[in-house]
Amino acid sequence: MATMIETAKELLQLGTVAVVVGYEKGSGTRRRALFLRAADQVDRLVLDERCAQNLAVYLSKAEVKELGRPAIVATVATLRSILQLASEKQFVEGQAVFIAIGQSGDARVLSKLSEIEEFVRSGSSVGGEKSDLEVGPTEIQALPRAQRWEFWQDELSKCIRCYACRASCPLCYCKECLVECNRPQWIPVGAHREGNLYWHVSRAMHLAGRCIGCGSCSEACPVGIPLYLLNAQVAESVSTQFGHVAGLKADATYPLSAFRPEDRESFIK
Amino acid sequence: MTSKNIYEPYMMRIDQVVDEAPGIKTFRLLFEDQAVNDGFSFRAGQFGEYSVFGEGESTFCIASSPTRKGYIECTFRQVGRVTTALAALQEGDQVGFRGPYGNVFPIDEWEGKNLLFIAGGIALPPLRCVIWNALDWRDRFRDISIVYGARTVADLVYKRELKEWTDRGDVRVVTTVDPGGETPDWTGEVGFVPHVIEKLNPPSEDTVALVCGPPIMIKLTLPVLTRLGFQAGEMFTTLENRMKCGLGKCGRCNVGKYYVCKDGPVFSFEQLSQLPAEY
Amino acid sequence: MEVSSSAKLIRKASLGEFFDRIRKGGWRIVGPVRATSPVIRREPGETPVLWKEVQALDQLDLHATQTTLSPKELFFPAVETILKYRFTGQKVEIDPLESDPPQTVLFGMRPCDARSLCTLDAVFGWDYHDHFYESRRAATTIVSFVCTQPDDNCFCTSVGGGPGDTTGSDLLLTSVSESAYLVEVLSSKGEALVAAASELFTPATGADDKLSCLPSIGKEPDAAGISQKLPSLFSQEHIWREQSLRCLGCGTCAYVCPVCTCFDMQDEANLSSGKRLRCWDSCAFGLFTLHASGHNPRKTQAARWRQRVMHKFSYLPERLNVLGCVGCGRCSRACPADVNLKESLKQIVEIQG
């Protein structure tokens, strides 16, 4: 039964990968991303309930790509992001391998997309379990509409447009983000009521059917806006309307751009 | 209490629009407020922030000479949001102007010297202010030469003034286009600017060189000038960088510890050699 | 650390009365308020602490190590109108902008944030005077409280500050016993506040020892050493690349920082009128230095990280004689990727040669 550390060491020593992207102890009780290239430093790797940052985000970072083919220590959230990226043709099988830990504690190296799908289906995974989500989407949905609006106006008034939410999301990989387009300036740049609402609603819509619910955006937000609630609401809508859940299959079609005769919109029948 | 708002532009009216080249225009701007007009002055090398209200501001040097009062001119290429909006404006329309900002060409120190202007493409406008300034003070300087090149004949800016400078008789003007950019009736040079300079073989003694152009042109021209004996302290250029406030607060135009908006845009090549190669 | 001769004492039980008298005297009070709505927490019990206008002392959290966002937003807001204009047909007219900030007391600053005002003053007053900033600054009185609970991210002592530093404060309160605060009156603005409730204050005695009440914050790394060393490290790409590998390129560090002042200018208009806004910006964004031509002098995150460190510890000290960092630790606490500035600075100091 190989451990994560033994597996990482072997992958590096054999030259199967050039870098192991995993977690290590960070500041205080935090965990941070580690880009391990030296096999003799594998003991720095950790994987525990505090490893919540979705490491799939680093796949699209130029300077990480330059390091060479990675093995990524993957929680189930990371793996689901990969499946979603694969279905959007942003990830090619073999481009990276994944070290995933099952409930039995043994480390597995997943390289085929089908292996990743199977692992995700098995429902067993170690890492990132610490959940700070105090309030679930249903509690907000239960509020009367006017109160829900008040809730969001209040939360979004804290937003300073730092884009930590976007930067930490593996599915926000656009080279030019919607908010960076200035002809026309679709979304106002200023951190005022209108701009903040347009930004967060647009991002939630762009992630409709694509967000896998890792919560990294909300963890990243420096002022603690529970952005995951927006994404969870939209994901539920997509699931109910289209029967689609993101990040389970590598060849899923995107429900908002695919038409099937069974789709529920009555206007098209 | 009203303190001066440093971000408030002067109101200007477009008096004249000249189509210089594909995508490149020159505006002559008049001050709407007579008192502002009477109190306004600047020196060659300085720049301003030009507003299209509703779209934003864009940074251009003041391309007219400070010796000519009552108006300022700017030349710009249509390339982004603000310049596209500017390009759609007509004579009589209003724009905003904040400035003058930045440092100046030390033209007072060049009395009695030869002046050699070398420019490429859209980079002639930043030197035009100095050219006209020098020509308006013609007897303070010895030989004045202008070497200007563009990709094609159509891309040459200030076509009318190039002829005016040539016809004056007290300026040497050499224009060139890239090989393949000439038209059948072209009588100027054909070749890249660095080659043309080599051919021209200008003297370096008591000569100040002002070089402005795309990075590749500067990169290839400097060694030629150095071989001809020019010292780094006698060669000047004017830099561009992404700007917003133009007055040293927004933090984005610095190259190393120097802000292009405050320590520049005019730099000698001696100063540039001390800056990190962030370009 | 000398305590000024005009130092006074106020009973902790009287702080609420002092607060109320300040409000009655016409000042608006803004202070650190802990958020209570459902949020994600990074540490148990740690909801964000934000600057809010308050009506009562008990609304404030005066014991939090630090606020999440810095107080710079009270002088340099995240979004601010700097120009208003109107369209009438083809003509444009600039509308006057009122700038009459209310008299404000920031009640609950920390010495590091008070110190940050020196750097903000230097930038916003460099040759051109930004009256939006300066008018708010003139209308604001700073009441700071000496730190009692620094954490591992604090490094004020490494950058010339300290938990009891008086720089930038108008009143500085130190808890010197179970029942009393020592109050250092540091300016005429501070005197005016004390005068609003003078009977609550008694003269400090020699026995009220401020120094013994200061928490200890180890001095490392040495900022002066860094400023001297940095220019020679500029072109050592691997340092900057390794330190910034996990950086995600968001604007969090610049936005929570009390001394980062970079901004964007954006017009928002419709057919009848418009505004020019000044908005926070960050050198960490890829777009920050992108030219319209497509050229970007800082193409990589490593080059942008280097700019951040150089600007704070090399360019600002050299040009304006102020450091661009007060050691408050917010950037490290807030960074989603756990890029820790104190750690990065230590690494730089330890580089040989």
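The model I have open is a predicted one.

**Chain B, overall**

I started with how much of chain B is covered. Buried residues account for 60% of its 279 residues. For secondary structure I get seven helices and 15 strands in chain B. Its radius of gyration is 18 Å, close to the 19 Å from the globule rule for 279 residues, so chain B is as compact as a globular protein of that length. Along the principal axes, the C-alpha atoms of chain B fill a box of roughly 60 × 45 × 35 Å.

Next I looked up the contacts. Taking those in chain B between residues at least 6 apart in sequence, I find that 69% link residues at least 24 apart. The accessible surface of the chain is about 11,400 Å², and carbon and sulfur atoms own 49% of that. I also checked charges: chain B carries 30 positive and 36 negative side chains, and the centres of the two sets are 3 Å apart.

Where are the cis peptide bonds I noted? One joins A:R183 and A:P184, with omega about 0°. I placed A:P184 in the loop between α7 (164-167) and α8 (193-206) of chain A. Another runs from B:G99 to B:P100, with omega near 0°. B:P100 sits in a strand, β6 (residues 94-101) of chain B.

A:R161 has phi near 60°. I found A:R161 in the loop between α6 (145-156) and α7 of chain A. Buried or exposed, this A:R161? Its relative accessible area is 3%, under the 20% cut-off, so A:R161 is buried. B:N201 also has a positive phi, near 50°. B:N201 belongs to the loop between α5 (193-200) and β11 (207-212) of chain B.

**Helix α3 of chain C**

I turned to α3(C), residues 131-138, and listed its buried residues: C:H131, C:F132, C:Y133, C:S135 and C:R137. What do they pack against? In chain C, the partners are β4 (79-88), α2 (111-124), β7 (140-145), α4 (188-195) and β12 (273-280). At the start of the helix, I see a side-chain oxygen of C:D130 within 3.0 Å of the backbone nitrogen of C:F132.

β7 of chain C came up as a packing partner, and I picked C:T141 from that strand. C:T141 has 3% relative accessibility, which is under 20%, so I logged C:T141 as buried. Leaving out neighbours within four places in sequence, C:T141 is in contact with C:W27, C:T104, C:V105, C:L106, C:D170, C:K189 and C:L193.

**C:D281 and chain B**

My last stop was C:D281, in the loop between β12 and α8 (301-320) of chain C. With a relative accessible area of 11%, C:D281 falls under the 20% limit and is therefore buried. Which residues does C:D281 touch, not counting those up to four places away in sequence? I get B:R252, C:A254, C:Y255, C:C262, C:F263, C:D264 and C:F288.

Methods
Residues are numbered from 1 along each chain as its sequence is written. Chains are lettered from A and ligands numbered from 1 in the order in which they are written. This is a predicted model: local features need pLDDT of at least 70, side-chain atom pairs count only at pLDDT 80 or more; totals for chains, interfaces and linings use all residues. Side-chain values use heavy atoms; hydrogens and water are left out. Helices (H or I, at least four residues) and strands (E, at least two) are DSSP runs, numbered from the N terminus. The radius of gyration is taken over C-alpha atoms; the globule rule is 2.2 Å times the number of residues to the power 0.38. Buried means under 20% relative accessible area, exposed over 50%, partly exposed in between (1.4 Å probe, protein chains only). Contact means heavy atoms within 4.5 Å. Accessible areas come from the Shrake-Rupley method with a 1.4 Å probe; for residues, only the protein chains shown count as cover. Lys and Arg count as positive and Asp and Glu as negative; His and the chain ends are not counted. The place of a charge is taken as NZ of Lys, CZ of Arg, CG of Asp or CD of Glu. A polar contact is a pair of N or O atoms within 3.5 Å; within protein, one must be able to donate a hydrogen and the other to accept it, and residues adjacent in sequence count only if both atoms are side-chain atoms.
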